[in-house]
Amino acid sequence: MTDWLTWPAVDLEFEFRISRQTVWRRKRMAMKFGRAWCDESGEALTPYRARELYTDEGSEYYGRELTFRCEDKDCRVRLTPVGIYMTRKSKRALHFRTRDEHNPDCDLVQPGRAGTTVRRPPDGEDDYKPTNFPTEFVLNPPKRNRTGGGTSDDGGEGTDGVTTGGSGTGGGGGGGRQTSTKTRYLDEVVDCFLSGDDDSKRREFTIGNKTKAFTRFFKKAQFFGDETGLIYYGPVDSLKVYKDKGVGLRFAEPVWIDKKPYRIRVYVPQERIDASRSRKAFLAEMVELEKAIAAKEEVLAFFVGAYPERVTIEKPDGTSFDLYSADLASIDHLSLTFAKS
């Protein structure tokens, strides 16, 4: 007969072993990545490039939900895209995640291998923290070809294998960048600002002819007068659709000039909308913005490449008023994040 005095020790050892296995499994299930192999395109993609293919009406992949896998060719476990296909982009950074076991020898899950890092958030956490930041935002990138592939020359931007940093994966620490990396995606820059790691935010970043610490490129819209050439942002409280002329988004906070408050808007001319290959996706996002404003939900708008200038708006009744308007050169220079996805 088993001595009853040995039972507590046996139970404790068993519970510890089960608990340790449970935690290990949960960590494995929580892995998140900043790039993935795409079966259909036959190349590794960032989630921002995948979103571009999905919304690009000139791409052969337009409107198609693609198949993503681990970048390691000897692993290729299935990955799930997070946020890529949503009309409303939330404050959570776009990424890929896996709930399946990777190959035990997979380079992307072996700490220290090939300079890669992997993020394993605590159980129940569903965020993703980018650590490989781009070093430059390209205001005028070359146009993609009609098949959705790359361009004949990078025009200041490399392929997706370069645009997001050395490893292309999200990490819980370390993992510095070995090369100068550029991006055409404002959404990526905004995601880094909202949810990226603090060490990366202190690194230098470039837009146009201006280089400074990453976080210093972000300025609340009502303080635009402090400096030109930045990324301006803030909550919006109004959307105005001008028939055949474009759309205007008004910021909630006014700018005070000569002791008088003026409203600020970001304006997207109709010709910029019509010229975009993501026109339908942009208009669908405007519909969602209209719904969110009506429901008094918080939506943050970020814009780049334009500076608010004072303009006079004529009203149908013959009266007029002044406001500060930033006219965008591209719909790609506007990024919205919705509090409710």
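Select Thr 211 first. Thr 211 sits in strand S10, which spans residues 210-213. This is a predicted model. Colour the residue by accessibility: Thr 211 is partly exposed, at 42% relative accessible area.

Now show what surrounds it. Setting aside neighbours within four places in sequence, Thr 211 is in contact with Glu 204, Phe 205, Thr 206 and Phe 217. Pick out Thr 206 from that group. The side chains of Thr 211 and Thr 206 are joined by a polar contact of 2.7 Å.

The C-alpha atoms are 8.7 Å apart, although 75 residues separate the two in sequence.

**The sheet**

Zoom out to the strands. Four of them form an open sheet in the order S8-S7-S9-S10, with mixed pairing. Which strands are at the edges? Strand S8 (182-183) and S10 are, each pairing on one side only.

Strand S7 covers residues 136-137 and strand S9 covers residues 204-207; they pair in the parallel sense over two bridges. Select Glu 136 again. Glu 136 stands opposite Thr 206 in S9. That is the Thr 206 whose side chain has the polar contact with Thr 211.

**The cysteine pair**

Select Cys 70 and Cys 106. Buried or exposed? Cys 70 is buried, with a relative accessible area of 1%. Cys 106 is buried as well, also at 1%.

Draw a line between the two sulfurs. Why is there no bond between them? The sulfur of Cys 70 has its closest cysteine sulfur in Cys 106, at 3.4 Å, which is too far for a bond. A disulfide needs the sulfur atoms within 2.5 Å. Seen from Cys 106, the closest cysteine sulfur is that of Cys 70. A search of the whole structure finds zero disulfides.

**Arg 35 and its partner**

Step to Glu 71, then find Arg 35. A polar contact of 2.3 Å joins their side chains. Arg 35 lies in the loop between strand S1 (32-33) and strand S2 (36-38).

**Helix H2**

Finish on residues 47-55, helix H2. How many of its nine residues are buried? Eight are, and the helix is mostly covered. Show the buried side chains in turn: Pro 47, Tyr 48, Arg 49, Ala 50, Arg 51, Glu 52, Leu 53 and Thr 55.

Notes
Residues numbered from 1 in each chain as written. Predicted model: local features only at pLDDT ≥ 70, side-chain atom pairs only at ≥ 80, totals over all residues. Heavy atoms only, no water. Buried < 20%, exposed > 50% of the residue type's maximum accessible area, 1.4 Å probe, protein only. Helix = DSSP H or I, 4+ residues; strand = E, 2+ residues; numbered from the N terminus. Polar contact = N/O pair within 3.5 Å; in protein donor to acceptor, adjacent residues only side chain to side chain. Contact = heavy atoms within 4.5 Å. Pairing = 2+ DSSP bridges.
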